[in-house]
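Reader: I am new to this structure and would like to understand the terms used for it. Could you take me through them one at a time?

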Amino acid sequence: MSEKFEIGAVVTGKVTGIQPYGAFVALDDSTQGLVHISEITHGFVKDINEHLKVGDEVKVKVLSIDSAAGKIGLSIRATEEAPERTEAPKKAPKKRQASVKATSHIESTEGFNSLKDKLQEWIEQSQREDLIKK
């Protein structure tokens, strides 16, 4: 197997099977390798079937050869030029204005006073015999 192909070689093969994790590509009558889903194309691949189908002829680059395990790692995207990355325009941070509400001392403490009064009412209710569940 490793005698026929070497790492870095670009060869043409035929897709023989598709799995959720990658596509199997026959390099010749007795040798096939796997193109992992991450090596199908540049960018994110959700479904391999949107890019390849069984019987497609593809140009692949040999990434790895494991003679002991009988596995060859292939890449289609390594044979394609990477698309030019355009940077998204940077958004200016949103400006947030602090709003200051002018309140008098009585208004700002009123909420706390009413809570204080309510707390006293709740304590009294919790101590009433007629409201206690038995």
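Reader: In which helix is leucine 119 found?

Author: Leucine 119 is found in helix 1, where a helix is a DSSP run of H or I with at least four residues, a strand is a run of E with at least two, and both are numbered from the N terminus. This is a predicted model, in which local features need pLDDT of at least 70 and side-chain atom pairs count only at pLDDT 80 or more, while totals for chains, interfaces and linings use all residues. Residues are numbered from 1 along each chain as its sequence is written, and side-chain values use heavy atoms, with hydrogens and water left out.

Reader: Why is leucine 119 called partly exposed?

Author: Buried means under 20% relative accessible area and exposed means over 50%, with partly exposed in between (1.4 Å probe, protein chains only). Leucine 119 has a relative accessible area of 46%, and therefore counts as partly exposed.

Reader: How many salt bridges does the structure hold?

Author: The structure holds four salt bridges, including one between arginine 77 and glutamate 39, again at 3.3 Å from N to O. Here arginine 77 is in the loop between strand 5 (71–75) and helix 1 (105–127), and glutamate 39 in the loop between strand 3 and strand 4 (57–66), so the pair ties together parts that are 38 residues apart in sequence.

Reader: Are arginine 77 and glutamate 39 buried or partly exposed?

Author: Arginine 77, at 30% relative accessibility, counts as partly exposed, whereas glutamate 39, at 16%, counts as buried.

Reader: What is known of the salt bridge between aspartate 56 and lysine 53?

Author: The closest N and O atoms of aspartate 56 and lysine 53 are 3.4 Å apart. Aspartate 56 is buried, with a relative accessible area of 18%, while lysine 53 counts as exposed at 55%.

Notes
A salt bridge is a side-chain nitrogen of Lys or Arg within 4 Å of a carboxyl oxygen of Asp or Glu.
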